[in-house]
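Open the structure in your viewer and keep the selection panel at hand. The stops below say what to select next and what is there.

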Protein chains: 2
Amino acid sequence: MKKNQFEIGCETCNIRLHSVFHVLDEAQVKSLSLQKSCAVYKKGQYIFNEGGIPSGLFCVNSGKIKLAIVGYDGKEQILRLAKAGDILGYRALISNERYHSSAIALEDTSLCIIDKQYFFSQLEQEPKLMLEVARKMSADLKKAEEHIVSLSQKNVRERLAEALLFLKATYGLQDDKSTINVKLTREEIADYIGTSTESCIRLLSEFNQDGIIELHGKSIKIINLSLLIRTANIED
Amino acid sequence: MKKNQFEIGCETCNIRLHSVFHVLDEAQVKSLSLQKSCAVYKKGQYIFNEGGIPSGLFCVNSGKIKLAIVGYDGKEQILRLAKAGDILGYRALISNERYHSSAIALEDTSLCIIDKQYFFSQLEQEPKLMLEVARKMSADLKKAEEHIVSLSQKNVRERLAEALLFLKATYGLQDDKSTINVKLTREEIADYIGTSTESCIRLLSEFNQDGIIELHGKSIKIINLSLLIRTANIED
DNA sequence: GCTAGAACATGATATTTATCATGTTTTAGT
DNA sequence: ACTAAAACATGATAAATATCATGTTCTAGC
């Protein structure tokens, strides 16, 4: 982690408009801008660690981040994925606990840090902000519970298809309108869907052979979206 | 659902002190008491339904409730378990969505209903209440994410042991200090840990033979707690 | 641009778990 | 108290998935 040379004020930050802080008024944004600091992280670096004590809230400016827990046998479980505009570390902060997961940069990332005390004072003063944070948490809870149903009731093939759709929904597509806009290792995909790396690789190859996707290194191009959706067995 | 004949005011409700509403002052409690209504549900009845539109917040007065989703093949997935003092339906309410799961009474249950508009007005006026609700959601999110790790990385035996410990932590023990204070069918336990009913039954029998538990109908008595903990492979 | 380590790939095998089948016991409703 | 349905139980088998093994291809750092 190092200080970002290129940091700008929150007043001119477009990302803010897509974050929980879009509800703040001009004066509140000015105040926020004075309090916040910025940092950049290289791909692979830890932003915070499982068991660490939160000192503030992170707001992603650019880059992609995974939130993961290391299980008892050393296997990683990916819980959430974050992108520009997302806040990080809010759960531990609100319940006044240590982090129960780690945040790791999936690519070079820059983010802002808002001091814990300041954040809480803003939450108290601005119910709209508190509600925004609650809505973010609500969305994460819903995703987590859908993940539970998936892990519990679907087979690996369905889960993989669902995960690819989730990655598409989260990070969108590249300019070609078909390549998923994030690069994960096969192991990371496996760590999200709860399977072995080998099974994940095998099934990606199968999807490739079945004409559902095309593999170009870590880039995954969706060739047949409707077939992918059918493979995922989505009910809603 | 029918109106509870025996409803009391929030002022004298001891359960309130163990709920998110413990932060309210005397005037707020009086106001709440005037707004709330009460209802009782028989075992097996639905309190709300997946896809339904929330009209208010539920606060459990007595009884036990499961929150569950029905998967695409008709199999139920139990997501959360609620008891006296817990609030229900807050997630959908806060994110202004339909319910994504159903709430079903596990035994005869009585609960209070707080109107949606009134609840939101109280949230805005009392940041402490909002923070309490956020903390409740934070706790549920943490549990959900631990559930994900468990489903993803543990085998059925470990998950069953973990589930029994979870039931113990959630509903406590009976007066004998060893029988888990909730009665679930084998199918419901299976629906929580994400396995088939048969596998769940088989493993409970095994636990019985191994001297970890004793089975008395739907009552489960923990005989060897430390062995149960070891079987669950808990890291923290 | 070389090289070691990581990531990817695929086959063979073992293990876990689901499914099917069948019978018994418990429970809830008349 | 009786009876049908649900829940429980257990064995046999099938299917899904992990694990092990081995080789290839990328990729980051010197």
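A pocket is found on a 1 Å grid over the protein atoms alone: it is an open set of points where a 1.4 Å probe fits, with protein on both sides within 12 Å along at least five of seven lines, and its lining residues have an atom within 4 Å of a point. Its volume is the space filled by probe spheres set on the points, which are joined across faces, edges and corners.

This is a predicted model, in which local features need pLDDT of at least 70, side-chain atom pairs count only at pLDDT 80 or more, and totals for chains, interfaces and linings use all residues. Residues are numbered from 1 along each chain as its sequence is written, chains are lettered from A in the order in which they are written, and side-chain values use heavy atoms, without hydrogens or water.

**Stop 1: the largest pocket**

The largest pocket holds about 930 Å³ of space. Select Lys143(A), Glu146(A), His147(A), Glu162(A) and Phe166(A), the closest to its centre of the 40 lining residues. Next, select helix 4 of chain A, which gives the most to this lining, with eleven residues. Helices are DSSP runs of H or I with at least four residues, strands are runs of E with at least two, and both are numbered from the N terminus.

**Stop 2: Leu34(A)**

Select Leu34(A) in helix 1 (residues 26-35) of chain A. Leu34(A) counts as exposed because its relative accessibility is 74%; exposed means over 50% relative accessible area, and buried under 20% (1.4 Å probe, protein chains only).

**Stop 3: Lys64(B)**

Select Lys64(B), in the loop between strand 4 (56-62) and strand 5 (65-70) of chain B. Lys64(B) counts as buried, at 11% relative accessibility. Its side chain reaches the backbone oxygen of Asn181(B) at 3.2 Å.

Definitions and conventions
A polar contact is a pair of N or O atoms within 3.5 Å; within protein, one must be able to donate a hydrogen and the other to accept it, and residues adjacent in sequence count only if both atoms are side-chain atoms.
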